[in-house]
Amino acid sequence: MVSVEFSDGVATPMIPNGQAKSKPSTHATANGNVGAVLENGHANGSSSNGKAKEEASKHQTLGHKSLLKSDALYQYLLETSVYPREPASLRGLRELTAKHPWNIMTTSPDEGQFLSMLVKIMNAKNTIEIGVFTGYSLLSTALALPEDGKIIAMDIDRSNYDLGFPFLQEAGVDHKIDFREGPALATLDELVQNNKNHGFFDFIFIDADKNNYLNYHERVMQLVKIGGIIGYDNTLWNGAVVASDDEPMRKYVRFYKDFVKELNKVLAADPRIEISHISISDGITLCRRIV
Ligand SMILES: C[S@@+](CC[C@H](N)C(=O)[O-])C[C@H]1O[C@@H](n2cnc3c(N)ncnc32)[C@H](O)[C@@H]1O
């Protein structure tokens, strides 16, 4: 992986082979959301009609992670219901991550709050996370688990996890994390080889390389218990799942679009699960294993 330096740099989300294939120009906000400049160099929905329209259109770009009507509405949600209750460790991690050149990859704070609520409602204890980055979703989940809860956290690159680790320590939840560096497919295969892991996990959150989600699906279906939940992140893919091929969009958005659409088709037809496709952030599909 490319080494990370903090700067006011350019977000370069990864596509397979660890290559950052696009260099979209971004304007990051403190919550890690961005207004994106697209492949053709123009902001989507562009700008001649004044600031308000520009803000609204920024929100509607195919690189923006919230699907709400406007930035103002999203800001209202964050300021009313999320930030006032966000633990200090999560806030610190969010602020650190906002300065990261790849800040677009972070889980949004409202989704973090949702994951926390979900894990608590489920009384989850043993969980897996695929795709850690600096750890916002990991910390949200870890804080929600009981003292003896565990998360096997997988990422191909440890360096961003290390950046966020002090916040896991500050929150007193680092003992819950078993971090495994490497391609998640290989780590899942190792877990699947041990029969004791079959049906052992209450909750599995997947937020990594979209082209592998279907490969992950067959493995995590063995690892999650009946009644447990698998959450696939980004399943509305910045709104790009309904974009036509000639619509301008960021290169990595275009690259993964068809993988996400295929995943959605497969999940909708899989008789082994019940699903709920939720439009928080840029979509999370919850799959409840039923057989
Ligand atoms: C969208 S970010 C995860 C964001 C994270 N959930 C958060 O809250 O900040 C995706 C992560 O998946 C990791 N990743 C990409 N391909 C992977 C693979 N094949 N195996 C494991 N991790 C991978 C990347 O290194 C990156 O950190």
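Reply: Let's start with V173, which sits in the loop between helix 6 and strand 5. Keep in mind that this is a predicted model. Buried or exposed, then, for V173? V173 has a relative accessible area of 4%, so with the cut-off for buried at under 20%, V173 counts as buried.

What does V173 touch once residues up to four places away in sequence are set aside? The list is L139, A142, L143 and L168. Take A142: 31 residues separate A142 from V173 in sequence, yet their C-alpha atoms are 6.2 Å apart in space.

Now for the core. The largest nonpolar core has 27 residues, and L138, I177 and F203 are the ones with the most contacts inside it. Several elements each bring at least two residues to this core, among them helix 5 (136-144), helix 6 (159-170) and strand 5 (177-181). Helix 5 gives the largest share, five residues. Also on the list of suppliers are helix 3 (88-98), helix 4 (109-122), strand 4 (150-155), strand 6 (201-206) and strand 9 (284-289).

Leaving out neighbours within four places in sequence, L138 is in contact with E129, V132, I151, A153, Y161, L168 and I177.

On to the ligand. Of the 19 residues around it, T107, G131, S137, D155 and D207 come nearest. By class, that shell holds ten nonpolar, five polar and four charged residues. For the polar pairs, D207 puts a polar side-chain atom 2.8 Å from a nitrogen atom of the ligand. G131 works through its backbone, with an N or O atom 2.9 Å from a ligand nitrogen. At F133, a polar backbone atom is 3.3 Å from an oxygen atom of the ligand. On its own the ligand has 600 Å² of accessible area, and the protein covers 91% of that.

Zooming out, the protein comes to nine helices and nine strands. Of its 291 residues, 50% are buried, V173 being one of the buried residues. Among contacts with a separation of 6 or more, 68% are between residues 24 or more positions apart.

Technical notes
Residues are numbered from 1 along each chain as its sequence is written. This is a predicted model: local features need pLDDT of at least 70, side-chain atom pairs count only at pLDDT 80 or more; totals for chains, interfaces and linings use all residues. Side-chain values use heavy atoms; hydrogens and water are left out. A residue is near a molecule or strand if one of its heavy atoms lies within 4 Å of it. A polar contact is a pair of N or O atoms within 3.5 Å; within protein, one must be able to donate a hydrogen and the other to accept it, and residues adjacent in sequence count only if both atoms are side-chain atoms. Accessible areas come from the Shrake-Rupley method with a 1.4 Å probe; for residues, only the protein chains shown count as cover. Ala, Val, Leu, Ile, Met, Phe, Trp, Tyr, Cys and Pro count as nonpolar, Asp, Glu, Lys and Arg as charged, and the others, Gly among them, as polar. A nonpolar core is a set of buried Ala, Val, Leu, Ile, Met, Phe, Trp, Tyr and Cys residues joined through side-chain atoms within 4.5 Å. Buried means under 20% relative accessible area, exposed over 50%, partly exposed in between (1.4 Å probe, protein chains only). Helices (H or I, at least four residues) and strands (E, at least two) are DSSP runs, numbered from the N terminus. Contact means heavy atoms within 4.5 Å.
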